[in-house]
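Welcome, and thank you for opening the viewer. Please load the model, and we will go from stop to stop together.

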Amino acid sequence: MRIAVTGSIATDHLMTFPGRFADQLVADQLHTVSLSFLVDNLDVRRGGVGANIAFGMGQLGTEPILVGAAGADFDEYRAWLDRHGVDTNSVRISEVLHTARFVCTTDADHNQIGSFYTGAMSEARLIELKSVADRVGGLDLVLIGADDPEAMLRHTEECRSRSIPFAADFSQQIARMSGEDIRVLLDGATYLFSNEYEKGLIESKTGWSDEEILGKVGTRVTTLGAQGVRIERVGEEPIEVGCAEEERKADPTGVGDAFRAGFLSGLAWGVSPERAAQVGCMLATLVIETVGTQEYQLRRTNFMDRFTKAYGHEAAAEVQTHMV
């Protein structure tokens, strides 16, 4: 099963200021702020929802095709993804813009000052999925992840016009999208991904009820945080899958991306949605135990031992055949 993952490609530049921002602000001078903070460290992490999801799928051996836009500074990041089983040949490289970047400084009170530079991500709207499909011999599913909004709309419309099944996953972009855009992006989706808060926001913005939305998509997958995930289809009882036990909670960033990577890998293997969700929850657990979205290691024996403990021998036997 050939799955293309469209979505943002970015790097995070995270800095720590040992003092308090509040101590540097003068109440009657806030209209003319000019500050510079001497920080203690700089942590550069690979990120972007498209790259995070593709990385997880690559770790599971499902050879995802990453579709997005990056800058000429992408070479090192590309080599990292290539080494971890991701097909990066459909990433568009901008001739004038840098890869998208999030720059954030956190103070001693955990307050943050951050900026997001979209950069090359804006060129994702220029990517045609037909060229991707022609290169790899066809696409069985396209994940429409958070990206340049115009790119998300173009990819969705192209999937419809070319009869390519697609999964809608608005993620961070849902806050800036209109109800009309959301209606366009989800109608006819084979899968609709969201967390529980986003689920309510989708219903509020579209004006469609839970039942109406479920009637417009094949399968609705809602992540529930520590409670796991719920999978719904019209005319069927919901399936609920719990989280695997975590050994520690280091950083929740990227957990949702890891779940999607595991779920999509399960679909690529041809297992049931319940099994796919179990794989997603197990992979998400590895991410929450690690600082950074792509810093975890998937050791197959350890993965399967923990998977068996969480979901039982029957589920493990079915998944084990694909963990090679």
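Begin with α8, which gives the most to the lining of the largest pocket, with 5 residues. Helices (H or I, at least four residues) and strands (E, at least two) are DSSP runs, numbered from the N terminus. Before going further, note that this is a predicted model, where local features need pLDDT of at least 70 and side-chain atom pairs count only at pLDDT 80 or more, while totals for chains, interfaces and linings use all residues. Residues are numbered from 1 along each chain as its sequence is written, and side-chain values use heavy atoms, with hydrogens and water left out.

**The largest pocket**

Select Pro 252, Thr 253, Gly 254, Val 255 and Gly 256: of the 41 lining residues, these lie nearest the centre of the largest pocket. A pocket is found on a 1 Å grid over the protein atoms alone, as an open set of points where a 1.4 Å probe fits, with protein on both sides within 12 Å along at least five of seven lines; lining residues have an atom within 4 Å of a point. Its volume is about 1,100 Å³, meaning the space filled by probe spheres set on the points.

Next, show the strands of the open, mixed sheet, in the order β5-β4-β1-β8-β9-β10-β11-β12-β13. Strands pair if DSSP finds at least two bridges between them. At the edges are β5 (91–93) and β13 (239–241), each pairing on one side only. Zoom in on β1 (residues 3–6) and β4 (residues 65–70), which run parallel and are joined by 3 bridges. Here Val 5 stands opposite Leu 66 in β4.

**Two helices**

For the last stop, select Met 152, Leu 153, Thr 156, Glu 157 and Arg 160 in α4, which meet Asp 181, Val 184, Leu 185 and Leu 186 in α5; contact means heavy atoms within 4.5 Å.
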